Amino acid sequence: MPHRLLLHPTALPEESVYGYCLRLSQVNGLRGLRGLHRYAASQQQMPNLTIITGHTAQALSHLRGPAPAWLEHQEAWEQGLTVTFWIKSHRRWCPQCLCEQPFWRAYWALALATACETHNALLIDICPSCRKHVPWTAGDLTHCQCGQDLRCIQTSSATPPALQSSHHLRRALNQTASTADSQSESTTLRDHSLLAAIHLGQLCSLLWFFGAYLYHPRAIKPQKITQHGSISVVLPLVTMSMSILEDWPHHFHAFIDRFSKPVQGCTASLRVHLGVIHQALFQLLKHPELHFLQIEFERYVHERWGEAFLYAEGLKHEHPMISGAEAAKILGVDIRYLKRLIAEGELQATGTTSSHGRKQLVVDRTSVLALKQYKGEEIPLRKAAKILRISPPRIRLLVKEGLLRPAYPGRGHLSKHLTLYGKDINTFLALLSHDECHQYAESTDLISVWRIGKQWLRGDENFLHLITALTRGELKAAGRDPDQFGIRALLLHRLEFRAWFDHLHAEQELMSIPDAARFLHIDDCTIYYFVQAGLLALDEHRLYRFGKHIPGLRRATLVDLQRQYLWGERLAQATGIDRLHAAANLIHQGAKPVAGPWIHKHCCYVFRKEDILKATTGPRLETSANGTH
């Protein structure tokens with residue numbers, strides 16, 4: 001039975017996960033994060049702060065930022081930000097804040113946060129004594145590994161751009177907290193009207209985009225910035241980014257001027273004019289929160305290039321989601337009639353929540369345009385494919401299985417002129433969809449239907465399995481990606497999908513090698529090694545996937561492999577040693593692995609159960625060897 005730590009302090013507002021773990025280890029007399037890890041691993045389960053402290057999830061909801069890799073619930077703390085926007089390798093801090101209250105603030109770990117607005121000082125990221133970064137795994141709560149007190153360091157005055165950007169980043173991070181008392185301290189800084197209503201993910205993307213392209217514009221990949229965890233590297237990037245936003249929109253127009261190329265004659269491609277910033281800029285323009293950026297960009301295109309474009313259909317970029325007021329204006333109806341159309345299934349609509357907590361009605365642009373064009377008439381197959389964001393053959397498959405209703409059911413799914421009604425399309429989407437846009441679509445705890453189709457479930461059969469599970473309620477959408485529409489916009493909980501996926505493949509007899517690797521919780525390279533070494537036999541029947549025949553493995557063969565070999569978490573359970581040290585301990589006792597990094601750098605350590613039993617014995621291992629683990 002797991003035991004709680006003797007002392008378990010309360011998490012403080014704005015505290016980082018790493019900082020709380022340091023406080024936890026220090027008050028319990030453990031040797032830093034390594035000592036806390038050893039204690040957590042000894043509990044024979046995935047380390048979890050809720051279990052080892054006894055605090056509820058609500059009590060720990062203040063915590064934000066990166067966490068030690070061995071700790072559970074990473075995605076909940078990191079707020080959907082990619083590794084670019086979090087500093088995980090070392091610490092940043094304000095010595096005066098640390099002296100006043102010895103705990104580590106979460107916003108210090110944001111890559112673009114460079115200043116403390118409370119003390120008007122730049123953050124510190126290098127110990128002045130040893131001239132090195134201070135890693136989280138070394139030193140204690142307030143001291144570097146060299147012994148330097150991190151509270152007694154001279155700081156430098158922060159520049160206005162550094163203070164402004166850090167203020168908005170801190171504000172956006174605090175707004176993600178589930179409790180109202182996690183708010184920024186009072187400040188005299190004025191809120192920038194453009195940035196005050198932007199959520200954290202889009203704010204980081206916006207600042208990074210402007211700063212990176214101004215910081216080294218001639219690079220092949222300007223947004224790939226080495227050593228961006230250093231204050232000295234990221235400070236000029238933040239300064240350049242804020243300079244564009246402070247004099248809006250003139251500096252934004254000058255920014256595009258810097259990268260745009262003059263073109264003779266007419267063209268229908270913005271890529272020709274925009275060059276290197278084209279793809280990155282349009283990625284920003286897709287998000288509804290950055291509508292002000294879209295407006296100024298369209299104004300710039302009109303003023304600078306005028307009739308240089310052949311205004312073909314689809315040239316002008318448009319948001320996938322539009323406001324209810326804009327939808328009513330396009331259709332020429334009032335807002336009450338618009339809501340009636342939504343209730344009757346003529347339009348696909350959803351909700352979104354602003355950074356200030358205000359609920360807003362947004363409508364799928366494609367359904368508005370389809371209603372305006374066809375006005376209740378039949379929608380041709382290719383147009384329906386654009387609304388649903390799937391291919392025409394996939395639509396025919398849904399019609400064949402009775403999941404999507406055609407305009408003329410008697411003609412069948414192979415009809416040359418297959419058509420659908422907009423109302424039926426919207427009813428189908430409403431059956432699959434969640435009614436709320438998710439602001440953190442890039443979050444690691446969510447996965448899109450589009451990515452599932454690309455990485456996990458390729459082929460018509462698997463697509464049908466997924467859609468059927470959604471219509472039956474076996475899987476539920478966690479929200480909608482505001483950057484997308486149709487089926488592609490659906491977001492699922494990653495853990496829920498993974499459990500469903502594992503159950504699906506447990507029922508499938510013949511698996512591809514990638515599917516077999518997921519079934520065994522092992523990497524593809526180890527599977528290929530097993531096949532080459534003759535430990536796994538490919539089935540003579542071959543799967544038809546991705547338009548070609550590929551090798552398959554029988555589930556019974558994989559289950560038999562599990563009976564004979566141990567690796568990963570099962571190895572740790574069988575030996576009673578944590579996953580990081582189980583293999584090393586067995587090798588030290590003389591057990592030779594059949595696969596591992598010494599054979600192939602990507603392979604995990606795999607041991608034959610017989611070899612483990614020869615090297616060491618114990619009731620736990622004997623039980624596992626009998627197949628009851």
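Valine 27 belongs to helix H1, which covers residues 17-27. The model is predicted. At a relative accessible area of 40%, valine 27 is partly exposed. Together with Leu6 and Leu7, Val27 forms a nonpolar surface patch. The accessible area of these residues together is about 310 Å².

## Salt bridge at arginine 170

The salt bridge count is 11. One of them pairs arginine 170 with glutamate 117, with 3.6 Å between the closest N and O atoms. Arginine 170 sits in helix H6 (residues 160-174), and glutamate 117 in the loop between strand S1 (115-116) and strand S2 (121-122), so the pair ties together parts 53 residues apart in sequence. Both arginine 170 and glutamate 117 are buried.

## Helix H15 to helix H13

Arginine 365 forms a salt bridge with glutamate 326, and their closest N and O atoms are 3.7 Å apart. This pair links distant parts of the chain, 39 residues apart: arginine 365 is in helix H15 (residues 365-374), glutamate 326 in helix H13 (residues 324-331). Arginine 365 is buried, because its relative accessible area is 12%, under the 20% limit. Glutamate 326 is partly exposed at 30%.

## Helix H17 to helix H20

Arginine 394 and aspartate 460 meet through their side chains in a salt bridge, 2.7 Å from N to O. Arginine 394 lies in helix H17 (residues 392-400) and aspartate 460 in helix H20 (residues 460-472), so parts 66 residues apart in sequence are tied together. Arginine 394 is partly exposed, with a relative accessible area of 21%. Aspartate 460 is also partly exposed, at 41%.

Key
Residues are numbered from 1 along each chain as its sequence is written. This is a predicted model: local features need pLDDT of at least 70, side-chain atom pairs count only at pLDDT 80 or more; totals for chains, interfaces and linings use all residues. Side-chain values use heavy atoms; hydrogens and water are left out. Patches are made of residues with over 30% relative accessible area and no salt bridge: like charges are joined within 9 Å, nonpolar side chains (Val, Leu, Ile, Met, Phe, Trp, Tyr) within 5 Å. Accessible areas come from the Shrake-Rupley method with a 1.4 Å probe; for residues, only the protein chains shown count as cover. A salt bridge is a side-chain nitrogen of Lys or Arg within 4 Å of a carboxyl oxygen of Asp or Glu. Helices (H or I, at least four residues) and strands (E, at least two) are DSSP runs, numbered from the N terminus. Buried means under 20% relative accessible area, exposed over 50%, partly exposed in between (1.4 Å probe, protein chains only).
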